[in-house]
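These are my notebook entries on one structure. I record what I looked up, entry by entry.

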Amino acid sequence: MAPKASKKGSEPPPPPPSDEDSLSLPPRFSEEAALALTTGAGELFEEPRGLQLPAALVDAVESWRRPAEFLADLLEPGEGEADTAPYVVCETAAPPEDGSPASRQLPHAVVAGGGAGEVGSAVSWATSLIHLVAQNSSKLAKGTYLWELIYPKGNNGLPAVSPTGRYAVRLFDHASWRLVEVDDRMPFNAEGQPLVPTSADRLELWPLILTKALYKLSASAPAPSADRDEASLMRLTGWMPERVPILPSLPKETAFQLLQAMLARQGEVMLAVSLPAAGDKAADSLVAERGLSRSAMLTVCDAREVAGKRFVRLLSELMAWRGPFCDTDEMSWTSALSSSLDWRRMQRLRMRAAGQKLHDFWLDEGETILVQG
């Protein structure tokens, strides 16, 4: 039925305010709106709410810098050197011309900065979220993987540098994909460290832009703790996180069976664990001695039982396990155990000696107390 026309000289009553209006939510995402917002030239853009940060980071900010400022040492070529320029993501991530799926391998490592303490923990947590998504890249729909969420786009389908510093990021919030607008001003502390995850290639901008959009949403939403905004995983993926505490009162066998059951659904879940947010002095000392961190998630890769003993394989690019069953632990490893766990330890030792970084490790049930909480 067509709407009735209003009487001449009268105005229809205003619509009642929606939940989205009252919550000041970003608009629902559409690719047309994202491209329209970010395409074109003009003056450098400053997003009105572009300096919002989670509470843990606010007091640490000493300056806000654009790429031309924090990359100045790279953007001024020396005599005889080629010009360099920032880019959003490496061209190796572009879809092949034969129509096969684009590569979702991280072109360069994503690293955490921010220094020590609560500030460094918040940046490490955000970095570990990116790592978790990257390690589960095949499970995400087209257009919803890390840099695929960023606009404008170039002719190759990859996100492109905006000449005005204006970007649109597709994030999931309040049951819908949202269009989150950000500029390219990034927060730095007094030591000149960025308070966002960065690429190992400093010219690559996607981790900074993506995290700034996450920060913008997190700034207006309370997190369970300053450095553990678990909702950001949902915002990145559209997947609803489910938190299952592994309490000391939970039998080890039950916790192990829970991990195995979740791993059996690997096409449907991203499985990770994190250490308790806080512990006593003795526990903190043990965590540090083992090379672990409370401020990052670890991907759960495998769980196996061998000769009545349970093992879990974890992965983190922000930690380096130094406890029992690390690669250099000659006392714990046997040929039979290595074979049962499909662990080519000698090959891994040679790879490490050649300078290759390996980020996964096995944790035996005697060490699972570290991740209980």
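Over how many bridges do strand E4 (residues 166-173) and E5 pair, and in which sense? I found eight bridges, in the antiparallel sense.

Basis of the entries. I am working with a predicted model, in which local features need pLDDT of at least 70 and side-chain atom pairs count only at pLDDT 80 or more, whereas totals for chains, interfaces and linings use all residues. Residues are numbered from 1 along each chain as its sequence is written, and side-chain values use heavy atoms, with hydrogens and water left out.

I take helices (H or I, at least four residues) and strands (E, at least two) as DSSP runs, numbered from the N terminus; two strands pair if DSSP finds at least two bridges between them. I looked up the partner of arginine 170 and found leucine 179 in E5. Two residues separate E4 from E5 in a hairpin, and histidine 174 in the turn has a positive phi of about 50°. For burial I use relative accessible area: buried is under 20%, exposed over 50%, partly exposed in between (1.4 Å probe, protein chains only). Strand E5 (residues 176-183) is largely enclosed by the rest of the structure, because eight of its eight residues are buried.

Entry on the open sheet. I traced four strands in the order E8-E9-E10-E11, with antiparallel pairing. Strand E8 (272-273) and strand E11 (360-364) are the edges, each pairing on one side only. Between them in that order, strand E9 (residues 298-306) and strand E10 (residues 309-315) share seven bridges. Threonine 299 stands opposite leucine 315 in E10.

Entry on the cores. A nonpolar core here is a set of buried Ala, Val, Leu, Ile, Met, Phe, Trp, Tyr and Cys residues joined through side-chain atoms within 4.5 Å. The largest has 58 residues, of which Leu146, Val169, Leu171, Trp206, Ile209 and Leu210 touch the most other members. Among the elements that each supply at least two residues are helix H6 (117-135), E4, E5 and helix H7 (206-219). H6 gives the largest share, ten residues. I then listed the contacts (heavy atoms within 4.5 Å) of leucine 210: leaving aside residues up to four places away in sequence, leucine 210 touches Leu146, Leu149, Ile150, Val169, Leu171 and Leu236. A second, separate core of 21 residues includes Leu292, Ala303, Val312 and Leu363.

Entry on salt bridges. I count a side-chain nitrogen of Lys or Arg within 4 Å of a carboxyl oxygen of Asp or Glu, and a search of the whole structure returned 21. Arginine 104 and glutamate 148 form one at 2.9 Å, N to O. This pair links distant parts of the chain, 44 residues apart: arginine 104 is in the loop between helix H5 (72-75) and strand E2 (110-111), glutamate 148 in the loop between H6 and E3. Arginine 104 counts as buried at 16% relative accessibility, and glutamate 148 is buried at 15%.

Aspartate 327 meets arginine 352 at 2.9 Å, N to O. Aspartate 327 lies in the loop between E10 and helix H11 (335-340) and arginine 352 in helix H12 (residues 345-353), so the pair ties together parts 25 residues apart in sequence. Aspartate 327 is buried at 7% relative accessibility, whereas arginine 352 is partly exposed at 34%.
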